[in-house]
Amino acid sequence: MLMLMLMLMLNVMPVVPELGTIQNFLQQQIKLDLSSVRNLQVNVSRNQVIIETTTPDQAFAIARDHNSKHFIVHAKKRLLIPIYVEDGAIEVKVHDLPPRMPNNIIEEHLKQYGEITSIHNEVWHDFFPGIPNGVRVARMKIKQPIPSFVQIEDNSMVTIACDTLPKAGFLEPKCAFGISMLYIVRPNTFIGEDVDFGGELPQDKIATLAVRIQEVFKTKTGAGADTLTTAYAEARFALAMAHAMNGKKNNLGLPKVNAYGQELLKKDISELKKNIRKGEEFVKNYVNK
């Protein structure tokens, strides 16, 4: 018979709770029937309780009825405890997101890599015990490798800033930048590999090169290369700002593009408008409340 493990994720707590606290949680809040338990292990290193039930149905029923519906009190704070069935999923940690980024947006961006069973906030274990640290932990059944860098709502961030800063009295429209230098560095590199000695890009390579660039933006694989590219792009952007502060002016308008480029531009503008609407909806639904 297939035996499934029921996992109580006590790692949402900054410390491992005492056994008496765990016993009270299991017997008083969950009403765990000990006659249905084959094995019960407190994993101190991972701050989890692992329970093996006599049947899979019992494990699924407990997870369905009690996941994140009960709490343990620590330092006068109620901490909801995730409960799930160990089903081959792994934890994927997503860093550096805005505090009010809804989980459904994170799920929308991660679902291409596999099935998401749950998302919860990670909390500080030291320094600020029990307070969320900005990391979202997604449990996923991976279908394909996740790249080291995943872009989530990047294009919408400028719109959000422009809608929220006025309320604090800080918006200066000319100083709100959408930094796209990272998207310039990569194409520059690829184009440099294919230009001829006269500095021209052969027409028969334009479409192929465009597809290659778009695929790289979709995958962004390779932690080292991505980190170096980002650092170089940030340096170029900072230098451009320094030149501007010293009075140097550049034409930031779009250059002339051929028919193929114009079609790509139309698609990009359409996508950009969608991102702007997402940013506006985010501010309306989550920031202005």
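**Exercise 1.** Which residues of helix 1 (residues 19-29) are buried?

*Solution.* The model is predicted: local features need pLDDT of at least 70, side-chain atom pairs count only at pLDDT 80 or more, and totals for chains, interfaces and linings use all residues. Residues are numbered from 1 along each chain as its sequence is written, and side-chain values use heavy atoms, with hydrogens and water left out.

Step 1. Take helices (H or I, at least four residues) and strands (E, at least two) as DSSP runs, numbered from the N terminus.

Step 2. Apply the cut-off for buried, under 20% relative accessible area (1.4 Å probe, protein chains only). I22, F25 and L26 are buried in helix 1.

Step 3. Down the axis of helix 1, the buried residues fall within an arc of 85°, so they line one face. The arc is that of the directions from the helix axis to the C-beta atoms. An α-helix has 3.6 residues a turn, so residues three or four places apart point the same way.

Step 4. K31, with a positive phi near 60°, follows helix 1.

**Exercise 2.** Which domains give residues to the lining of the second largest pocket?

*Solution.* Step 1. A pocket is an open set of points on a 1 Å grid over the protein atoms alone, where a 1.4 Å probe fits, with protein on both sides within 12 Å along at least five of seven lines; lining residues have an atom within 4 Å of a point.

Step 2. Strand 8 (114-123) and strand 5 (77-80) each give two or more residues to this lining; strand 8 gives the most, with five.

Step 3. Domain 1 (5-86) and domain 2 (90-162) both contribute, so the pocket lies between them. The domain bounds come from an automatic or database domain assignment.

How values were computed:
Buried < 20%, exposed > 50% of the residue type's maximum accessible area, 1.4 Å probe, protein only.
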